[in-house]
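Open the model in your viewer and keep the selection tool at hand. The stops below go from the whole chain to single residues.

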Amino acid sequence: MNRAAVTSLVVFVLLVAVGWYLTNLQSSQQNPPTTPAPVPTGSSDLAALKIAPEGKMAGYSRDRFPHWASQGNSCDTREIVLQRQGADVKTDKDCKATSGTWNSVYDGVVIKEAGDVDIDHTVPLAEAWRSGADKWTDDERKAFANDLGGVQLIAVTAKSNRSKGDQDPAKWKPPVTAYGCTYAQHWISVKIAYKLTVDQPEHDALAGLLKTC
């Protein structure tokens, strides 16, 4: 094959390649790849919860949930939470927090005195009792009330903790609305971990909070 023929062949191949590239580029622009719609965070967990009517308070007492148990080295559960969730926390020889700051995510308040901090149970003790904890042993309730391994314990202002009381999300939500998504996810996580039920209004309130995620 002479040089002219080779040159013609090379030009032909290049033109075919350029044509193929332009055709596919135009096609991809007209038909961009589709992306699945995002699934609301936490929705699958919510679906895993059993819906059941709320139980009765008969027989309930906070003493049935022994809390602020000893964690060794003179520390109890409360002091451990203060140390973990505060900034620049200093303690004395008895493990008591003597200084530090804590951010109360429920109401956006920065707390500068350990004595002004409440340790909230994400799922309140009485709410747990109404959701199935009435059938637990006292040791199981003690483990629930002192759970340092998950999201059950949180340092907040006394005002927000006492405003919440033992109410579920159908009756109380964090004043900081931006925290609603996280609050719902934590609530669901605790209820799943401890096989607790939700009533219908509670379920619907959680679903509403998850839509803000």
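A residue is called buried when its relative accessible area is under 20%, exposed when it is over 50%, and partly exposed in between, with a 1.4 Å probe and protein chains only. By that rule, 37% of the 213 residues in the protein are buried. The model is predicted, so local features need pLDDT of at least 70 and side-chain atom pairs count only at pLDDT 80 or more, while totals for chains, interfaces and linings use all residues. Residues are numbered from 1 along each chain as its sequence is written, and side-chain values use heavy atoms, with hydrogens and water left out.

**Whole chain**

Helices (H or I, at least four residues) and strands (E, at least two) are DSSP runs, numbered from the N terminus. A contact means heavy atoms within 4.5 Å. Among contacts with a separation of 6 or more, 68% join residues 24 or more positions apart.

**The main core**

Select F65 and F144. In the largest nonpolar core, which has 26 residues, these two touch the most other members. Such a core is a set of buried Ala, Val, Leu, Ile, Met, Phe, Trp, Tyr and Cys residues joined through side-chain atoms within 4.5 Å. Helix 4, helix 5 (138-145), strand 7 (153-157), helix 7 (180-193) and helix 8 (200-210) each supply at least two residues of this core. With five residues, helix 7 gives the most to this core. In soluble globular proteins, nonpolar side chains tend to be buried together.

Now show what surrounds F65. Leaving aside neighbours within four places in sequence, F65 is in contact with Y60, L125, A128, W129, A133, R141, F144 and A145. Another core lies apart from the largest one; it has 10 residues, among them V81, L82, W102 and I119.

**Helix 5**

Which residues of helix 5 are buried? They are R141, F144 and A145. Look down the axis of helix 5: its buried residues fall within an arc of 95°, so they line one face of the helix. The arc is that of the directions from the helix axis to the C-beta atoms. An α-helix has 3.6 residues a turn, so residues three or four places apart point the same way. Strand 6, helix 4, strand 7 and helix 7 are included in what covers the buried residues of helix 5.

**The largest pocket**

Next, select R62, H121, P124, N161 and G165. Of the 13 residues that line the largest pocket, these are the closest to its centre. The volume of the largest pocket is about 180 Å³. On a 1 Å grid over the protein atoms alone, a pocket is an open set of points where a 1.4 Å probe fits, with protein on both sides within 12 Å along at least five of seven lines; lining residues have an atom within 4 Å of a point. Grid points are joined across faces, edges and corners, and a volume is the space filled by probe spheres set on the points.

Strand 6 (117-121), helix 4 (125-130) and helix 6 (158-164) each supply at least two residues of the lining. Strand 6 gives the largest share, three residues. The lining has six nonpolar, three polar and four charged residues. Here Ala, Val, Leu, Ile, Met, Phe, Trp, Tyr, Cys and Pro count as nonpolar, Asp, Glu, Lys and Arg as charged, and the others, Gly among them, as polar.

P124 counts as buried, at 5% relative accessibility. The C-alpha atoms of P124 and G165 are separated by 7.5 Å, although the two are 41 residues apart along the chain.

Then go to S160, in helix 6. Is S160 buried or exposed? At 4% relative accessibility, S160 counts as buried. Beyond four places in sequence, S160 is in contact with S104, Y106, D107 and W172.

**Two loops**

Select T197 and K195, both in the loop between helix 7 and helix 8. T197 counts as buried, at 16% relative accessibility, whereas K195 counts as exposed, at 72%. Phi of K195 is near 55°, a positive value in a residue other than glycine.

Finish at N73, in the loop between strand 1 (70-72) and strand 2 (75-76). N73 is not a glycine, but has a positive phi of about 55°. At 75% relative accessibility, N73 counts as exposed.
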